[in-house]
Amino acid sequence: DLIELHTRGGDFYEAMECEYQCGFAYVVADVIEGKSAGELGVRPNILWAVRLSKYIYNYRSDIEKYHKVLDIYRKVDTTKYYALPQEIKDEGAFMEAVGITPDGSSLANVLIPNLSGCGLTLVETEVLWRGAIALAGIRLFEAKNGRLPKDLSELGGLVPKDLLMDPFSGKDLIYRVAGDDFYLYSMGYDGVDGQGTGDSAIYEKDQYPQEVSDIIFHAPAPAKDK
C-alpha cells in the first residue's frame, strides 16, 4: 500500500509550474489593485525596488526569467540528487542561472527566489518515502521470519530494489544490524556516511533533513530508553 501511495505522488514539474503561475497571477492582480507591501506579503524595500505603475508594467523580463526557471526544473530527477546540476542544489547558483541580481527590479525578483528550494524539497520527500517503505519492509520481513534481514537484498519481493536506492548517494540506503536492533538511514545532503549516530530518527521529532548529516529512519534506542 505504501508503494502504491508513493507512485501516486503526481508530476513534480507540472505542480511547480502551476504553483508559480498561480502565485504570479495573484501578485499581479494585487499590484494592479494598488495593494501595499504588507498586503502583498513582501518586504517594503523589495516592493520599492520593483518598477511598478499601477496599470503599466513590462512583464517581458519576468517571462524570460520564468522560462529559465522551467528549463532548470525540467532537469530535476528527485531520485538522483547526486547527479542534479548545481543550479538546483545551490540557491546562489539558481539565482545566477535565472538572472536574478540583488539590485533587480521586477516582480520576478520578488516571486522566483521562493522557488529556489523546490527541487530540494521534492528530493527530501522522495528520500523520506523511500525510508518509510524500507522500514515497513524490514518490519514485515521480521514478522514473517522471526529475525531481522541480514541486508536489504533479503527484502526480495517486499520492496522493489530501485526504491531502496538513496537519492543522495546513488547507492542503497544504509542498513546495519546492531544486536537485536538496526540502523536505517540516508547519507543526506553531504553524501557522507556519519554512521547514523548523530541524531534521533527523522520521524521522531520536528527537524529538516538539510540540518542533519545522516537522515535517520531508525536507530537503536539508547540503553536507558530500552
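Trainee: In strand 2, which residue is the bridge partner of Ala-178?

Mentor: This is a predicted model, in which local features need pLDDT of at least 70, side-chain atom pairs count only at pLDDT 80 or more, and totals for chains, interfaces and linings use all residues. Residues are numbered from 1 along each chain as its sequence is written, and side-chain values use heavy atoms, without hydrogens and water. Strand 1 (residues 174-178) pairs with strand 2 (residues 181-186) in the antiparallel sense over 5 bridges; strands are DSSP E runs of at least two residues, helices H or I runs of at least four, numbered from the N terminus, and pairing needs at least two DSSP bridges. The partner of Ala-178 in strand 2 is Asp-181.

Trainee: Which residue in the turn of the hairpin has a positive phi?

Mentor: Strand 1 and strand 2 form a hairpin with 2 residues between them. The turn residue with a positive phi, about 65°, is Gly-179.

Trainee: At what angle do the axes of helix 5 and helix 7 cross?

Mentor: Axes are lines fitted to C-alpha atoms, for helices over the stretch in contact (heavy atoms within 4.5 Å), and angles run from 0 to 180 degrees between N-to-C directions. The axes of helix 5 and helix 7 (residues 91-98) come within 9 Å and cross at roughly 130°.
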